[in-house]
Amino acid sequence: MRINLGIIGPGNIASIISKELINLPEINLYAVASRSLERAESFSKVHGFKKAYGSYEKLLKDENVDLVYIATPHSHHYEHMMLCLSYNKNIICEKAFTLNQKEAEKVLSVAKQKHIFVTEAMCTAYQPSQKALKNMLPLIGEIKSCNLIFGVPLMHVERVVRKELGGGALLDLGVYPLYFTFSTFGKDFEIVDASIKLYEDIDEEVKLALLYKNGIKVNMQISVSQNLGYYCNIIGSKGRIYIENFGMPKEIIIFDTNDNLIKIENNFQNGYKYEFLASINALKNNQVETKEMPHQDTLFLMGLIDKIKEYKD
Ligand SMILES: NC(=O)c1ccc[n+]([C@@H]2O[C@H](COP(=O)([O-])OP(=O)(O)OC[C@H]3O[C@@H](n4cnc5c(N)ncnc54)[C@H](OP(=O)(O)O)[C@@H]3O)[C@@H](O)[C@H]2O)c1
């Protein structure tokens with residue numbers, strides 16, 4: 001099955017993803033839409049799309065578009081997904097899926113009602129490395145704790161610092177350590193501590209402590225103002241697992257309790273293509289979600305972010 005892909009919001013990530021998808025036989029880079037025809041035409045020329053539209057609605061009116069990739073700022077995901085659904089278009093929407101759980105519920109309820117495919121482009125969920133990690137966990141014995149760090153100086157990026165564009169650390173970066181945590185260890189935890197440093201009205205830095213019913217302790221620090229790195233350590237009774245770039249890693253490293261290197265797993269062919277291939281597979285099977293990132297995971301993630309945001313007050 002070869003599908004015609006339409007992109008709305010030809011910015012940063014749309015460009016990175018188009019470069020990867022151009023090599024996939026399953027996808028035809030068909031149409032791109034921008035609020036400006038000039039931008040759409042220039043993007044389409046660079047990435048080899050067949051059609052360029054100067055409005056999102058024009059792309060949605062094109063009956064040949066099979067799947068729409070929404071790559072606008074998260075402030076607009078709700079509006080753009082609702083617009084896609086009004087044209088009965090299948091959707092793969094960038095993270096953060098929406099601004100809050102309520103918006104996500106509304107989108108997914110309309111999608112379910114109309115039996116239209118929607119998925120969140122949460123890249124981690126689709127990576128071969130995430131499956132491999134689950135198989136590697138027993139090598140470090142009983143899991144005791146996990147520390148996750150994700151800090152990138154992004155205060156110069158407009159959509160990250162402006163509240164009306166969905167700014168803040170939780171929605172931009174926090175989705176990754178939060179998703180990684182519940183995807184790896186499950187959902188049976190509570191928030192025991194959270195602190196949020198504000199810059200004007202956005203969450204600039206967030207520190208979080210979670211406690212699982214089975215005793216696993218998770219600590220994370222997320223920042224859009226400091227370069228803290230992007231890594232995690234999972235500590236077990238027989239060693240630890242260290243992963244850089246844990247959202248889409250190149251390697252997973254295991255050490256014993258004396259910090260001797262035990263194993264490096266680095267044969268992953270990670271990439272953004274998997275979320276699109278999974279979407280095509282779901283469409284082929286007339287499903288409204290992917291098994292990798294089911295709607296309940298999107299709703300859980302958005303609900304968790306809502307809960308953490310309550311610690312602002
Ligand atoms: N999966 C990942 O690894 C990853 C990485 C980076 C970003 N993202 C996510 O992808 C989304 C887009 O991020 P980005 O960095 O690509 O953003 P960006 O470069 O700022 O591009 C966003 C595009 O959205 C369109 N847009 C529509 N309404 C807008 C508005 N009111 N203000 C600004 N732009 C508007 C613009 O296109 P036109 O004006 O031309 O229509 C713009 O080019 C975000 O939700 C982000 O979290 C995901």
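Reader: How many disulfides does a search of the whole structure find?

Author: A disulfide is a covalent bond between the sulfur atoms of two cysteines. This is a predicted model, and the search of the whole structure finds zero disulfides.

Reader: Where is the closest cysteine sulfur to that of Cys123?

Author: Again in Cys93, at 13 Å, which is too far for a bond. Cys123 is buried, with 4% relative accessible area.

Reader: Which domains does the assignment give for the protein chain?

Author: Domain 1 is made of 3–121 + 272–293, and domain 2 covers 128–270. Taken over C-alpha atoms, their centres are 27 Å apart.

Reader: What area is buried between domain 1 and domain 2?

Author: The size of an interface is often given as the accessible area lost when the parts come together. Here domain 1 and domain 2 bury about 1,100 Å² between them, and carbon and sulfur atoms give 65% of that. On the domain 1 side, His74, Lys95 and Tyr274 supply 44% of the area buried against domain 2, more than any other three residues. In terms of contacts, 13 residues of domain 1 meet 13 residues of domain 2.

Reader: How many salt bridges does the rule find across that interface?

Author: Side chains of opposite charge can pair when their charged atoms come close. Across the interface of domain 1 and domain 2 there is one salt bridge. Asp172 and Lys95 form a salt bridge through their side chains, at 3.8 Å from N to O. The count of residue pairs in polar contact between the two domains is four. The side of domain 1 that touches domain 2 has six nonpolar, four polar and three charged residues.

Reader: How many salt bridges does the structure hold?

Author: The structure has eleven. Among them is the pair Arg162 and Glu158, whose closest N and O atoms are 2.1 Å apart. Both partners are partly exposed: Arg162 has a relative accessible area of 31%, and Glu158 has 46%. Glu142 pairs with Lys144 at 3.7 Å, N to O, and Lys144 is partly exposed at 41% relative accessibility. Lys213 and Asp188 make a salt bridge at 3.5 Å, N to O.

Conventions:
Residues are numbered from 1 along each chain as its sequence is written. This is a predicted model: local features need pLDDT of at least 70, side-chain atom pairs count only at pLDDT 80 or more; totals for chains, interfaces and linings use all residues. Side-chain values use heavy atoms; hydrogens and water are left out. A disulfide is a pair of cysteine sulfur atoms within 2.5 Å. Buried means under 20% relative accessible area, exposed over 50%, partly exposed in between (1.4 Å probe, protein chains only). Domain bounds come from an automatic or database domain assignment. Contact means heavy atoms within 4.5 Å. Buried area is the accessible area (1.4 Å probe) that two parts lose on being put together, summed over both. A salt bridge is a side-chain nitrogen of Lys or Arg within 4 Å of a carboxyl oxygen of Asp or Glu. A polar contact is a pair of N or O atoms within 3.5 Å; within protein, one must be able to donate a hydrogen and the other to accept it, and residues adjacent in sequence count only if both atoms are side-chain atoms. Ala, Val, Leu, Ile, Met, Phe, Trp, Tyr, Cys and Pro count as nonpolar, Asp, Glu, Lys and Arg as charged, and the others, Gly among them, as polar.
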